Amino acid sequence: MHFSNEFNIPVKFCVYKTADLLDVVPCEGGVVFLDPGNNRNWNPAPGEYNTSFDVRVFKPQFIDQLLGRVAGVHRRGLVKITPQGQVVLDNTLLYHNIEISYPAMVEDVRSLDELVRHVSTAAERRLKVRAVGGGYSFSDIAHTDGCFLYTHNLNKVLSLDSDVLKAGTNTENLRKVEAGITVETLNKALWAEGKALINQGGYDQQTIFGALCTGTHGSGITLGSIASTVRSMHILTCDTNRAIRQVQVEPSDGITDPAAHKARYPKIELIQDDDVFYSCTVCFGAMGVTYAVVMDVRDSYWLKEDRIKQPWSTTKKQLLDGLVRNTKYRHVEVLINPYKETSVLTFREEVKATAPSGQRNFIQTELAKVALLVHMIQQMANSNPSGVPDLLESALEGTTDSGVIDRCYEILNIGPANEMPVVSSEMAIDATDIGKVVVAVEEIISTFKNRASSDDRYITSPFSLRFVKADKGLLSMQYGRDTCMIEVPMLSKTYGLDETLRRFRAVLEQKHDGRPHWGQVLEIDASAVQKMYPKFDVFKRTYQQLNASGVFSNEMTRRCGLDG
Ligand SMILES: Cc1cc2nc3c(=O)[nH]c(=O)nc-3n(C[C@H](O)[C@H](O)[C@H](O)COP(=O)(O)OP(=O)(O)OC[C@H]3O[C@@H](n4cnc5c(N)ncnc54)[C@H](O)[C@@H]3O)c2cc1C
């Protein structure tokens with residue numbers, strides 16, 4: 001059976017019935033899989049087939065990815081088989097946290113040339129364009145119904161062109177990388193040469209630009225978000241005539257020598273301007289597609305982790321006594337069970353080491369991997385909500401450890417807990433005065449307790465506090481103030497999840513000038529974003545210059561009032 005799909009190539013239709021499906025796949029021209037689930041004897045007859053089929057459409061090169069990490073490119077939903085034997089797909093695209101009506105064009109980008117070609121084609125076809133990184137954002141910032149560009153294969157560490165840098169620029173801790181390299185791949189590459197990222201979040205599957213442009217952060221009041229480490233960005237955008245425009249954007253005192261750059265790269269316009277640069281860091285892909293960035297790194301280092309469970313009142317006292325700025329520790333972070341008012345305080349210190357030692361808690365490293373267990377916890381949380389406080393207590397207990405030493409990136413990554421099916425919201429509040437942070441935390445504790453007592457709805461994971469240095473990115477959640485990031489992850493099928501997260505965000509937004517994490521669940525509109533970010537107008541001006549054609553607009557830019 002054959003049919004044409006949006007790739008406009010003849011495609012074979014294959015019902016796979018064995019576990020060794022790759023052995024039986026006809027590859028030429030692309031292939032569609034319909035997985036009949038347990039029904040191995042299924043033979044498609046004319047009609048409609050809904051919900052139980054896993055439909056995957058791959059261009060030939062996607063077969064490679066099927067075997068690798070990017071196997072999430074698939075569509076699930078309605079399949080119609082006409083009496084003429086034609087297969088009609090009416091599906092959505094699922095890619096990690098992204099679920100959208102299938103875009104008009106999907107391309108897998110491997111080089112700058114391909115990027116230029118695909119953006120040109122899309123612009124000519126008058127499609128909107130969105131690059132996607134890991135697809136891990138919970139919000140719809142990476143969504144488009146136009147041209148969807150996978151950037152996972154833009155994954156190289158590039159050589160820095162020292163000849164175009166200003167005289168005297170120290171390049172020892174500068175690295176140039178393609179935008180789609182994952183934090184994991186970059187960490188390993190850097191470690192191999194005795195270097196490391198300055199900081200990262202608790203996960204490493206994001207791409208560097210996907211993380212950077214949503215304000216992704218780790219913890220440490222003297223350490224900025226990933227965006228704060230970027231020095232230069234190479235962005236592809238379109239001019240008013242929808243023709244490709246390549247820009248290299250840097251701060252006013254940027255590292256590049258304008259004359260040398262012009263001579264070497266006449267087609268790439270160098271913009272050295274603080275307003276433009278700090279609009280383009282945390283910009284959620286609104287300024288164009290970023291090809292590569294130059295960022296600061298540092299010498300590699302080892303970390304020691306201690307995680308202590310104690311009453312929230314003890315942690316609170318330590319925070320009020322100045323723990324967040326205590327230089328003995330590289331950083332601290334906190335997990336809180338609001339119902340029992342307990343907490344786990346995490347301390348991480350740089351240490352001299354040559355090999356890992358100690359081990360994280362078995363519950364944290366192993367049990368989180370057991371899908372069935374996660375499912376049972378979810379069921380229990382929904383069917384017996386009053387048992388949730390005890391569940392959270394066990395979860396807290398499961399994170400405790402003592403004296404675990406490992407490479408920085410191994411300690412900073414929280415590990416298998418990242419694979420749990422959660423969605424989360426995270427709010428940024430001013431951490432200049434820790435007393436005010438504590439007040440906000442106690443209001444959140446009351447909010448969750450009230451929701452439990454009045455509606456029997458609970459959060460299904462401890463919530464966390466992390467601390468991040470002020471950032472210059474005009475739409476960075478950490479803009480202009482040292483920040484406490486408060487995150488509430490919830491198992492994704494928790495009853496009442498949306499409303500619980502909404503109440504959490506409302507308390508912090510309305511009473512504590514909170515700003516939501518761009519990559520997490522958020523509701524934001526033009527008036528809110530304007531109120532939260534004093535230099536929003538400057539950001540908008542840059543957006544109107546760089547995205548003059550509107551090619552990179554999407555629902556998020558529209559909601560934020562950027563397109564009006
Ligand atoms: C398990 C998990 C753990 C997490 N842990 C943390 C954490 O510890 N700290 C934290 O702050 N956040 C955390 N997050 C949030 C996450 O870091 C952000 O959502 C991040 O943006 C995801 O990166 P990504 O590569 O998946 O980007 P995507 O979600 O794919 O994209 C994010 C944005 O970047 C744009 N984009 C991506 N690549 C390009 C490009 N080349 N050019 C232009 N635009 C581009 C997209 O259009 C989109 O607007 C976590 C999320 C998950 C799912």
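**Starting from one residue**

A: Let's start at Phe539, which is buried, with 25 other C-beta atoms within 10 Å. (Buried means 20 or more other C-beta atoms within 10 Å of the residue's own, exposed means 12 or fewer, and partly exposed is in between; the C-beta atoms are placed from the backbone.) Before going on, keep in mind that this is a predicted model: local features need pLDDT of at least 70, side-chain atom pairs count only at pLDDT 80 or more, and totals for chains, interfaces and linings use all residues. Residue numbers start from 1 along each chain, following the sequence as written.

Phe539 sits in helix H15, which covers residues 536–546. (Helices here are DSSP runs of H or I with at least four residues, strands are DSSP runs of E with at least two, and both are numbered from the N terminus.) What does Phe539 touch, not counting residues up to four places away in sequence? The answer is Ser279, Leu474 and Leu475. (Two residues are in contact if their C-beta atoms, placed from the backbone, lie within 7 Å.) There's also Leu562 to look at: it is 23 residues from Phe539 along the chain, and the two C-alpha atoms are separated by 8.9 Å.

Now step back to the chain. It has 564 residues, and 43% of them count as buried. Its secondary structure comes to 16 helices and 27 strands. Take the contacts between residues at least 6 apart in sequence: 70% of them join residues at least 24 apart.

On to a pair of helices. The axes of H12 (residues 434–455) and H13 (residues 497–512) come within 10 Å and cross at roughly 150°, and that makes H12 roughly antiparallel to H13. (Axes are lines fitted to C-alpha atoms, for helices over the stretch in contact, and angles run from 0 to 180 degrees between N-to-C directions. Angles over 145 degrees count as roughly antiparallel, under 35 as roughly parallel, 65 to 115 as roughly perpendicular, and the rest as oblique.) On the H12 side, the contact is made by Ala440, Glu443, Ile444, Thr447 and Arg451; on the H13 side, by Thr500, Arg503, Phe504, Val507, Leu508, Lys511 and His512. Sort these contact residues by type and you get five nonpolar, three polar and four charged. (Ala, Val, Leu, Ile, Met, Phe, Trp, Tyr, Cys and Pro count as nonpolar, Asp, Glu, Lys and Arg as charged, and the others, Gly among them, as polar.)

Follow the chain out of H13 and you'll find Asp513, in the loop between H13 and strand S27 (515–516). Asp513 is partly exposed, with 15 other C-beta atoms within 10 Å.

Next, the sheets. Six strands make an open sheet in the order S12-S13-S18-S15-S16-S17, with mixed pairing. Strands S12 (157–158) and S17 (268–272) stand at the edges with a single partner strand each, so one side of each has no neighbour in the sheet. (Strands pair if DSSP finds at least two bridges between them.) Within this sheet, S15 (residues 230–238) and S18 (residues 289–296) pair in the antiparallel sense over six bridges. One detail to look for: His234 has Ala292 in S18 as its bridge partner.

Go from S15 towards S16 and the loop between them holds Arg242. Phi of Arg242 is near 70°, another positive value in a residue other than glycine. With 18 other C-beta atoms within 10 Å, Arg242 is partly exposed. S16 itself spans residues 244–250 and includes Gln246, which counts as partly exposed with 17 C-beta neighbours inside 10 Å. Leaving aside neighbours within four places in sequence, Gln246 is in contact with Leu236, Lys267, Ile268 and Glu269. Lys267 is 21 residues from Gln246 along the chain, yet their C-alpha atoms are separated by 6.9 Å.

One last stop: three strands form an open sheet in the order S9-S11-S10, with parallel pairing. Its edge strands are S9 (105–108) and S10 (129–132), each pairing on one side only. S10 and S11 (residues 147–150) pair in the parallel sense over four bridges, and Arg130 has Phe148 in S11 as its bridge partner. Helix H2 (residues 112–124) lies across S9, S10 and S11, running at about 170° to S11.
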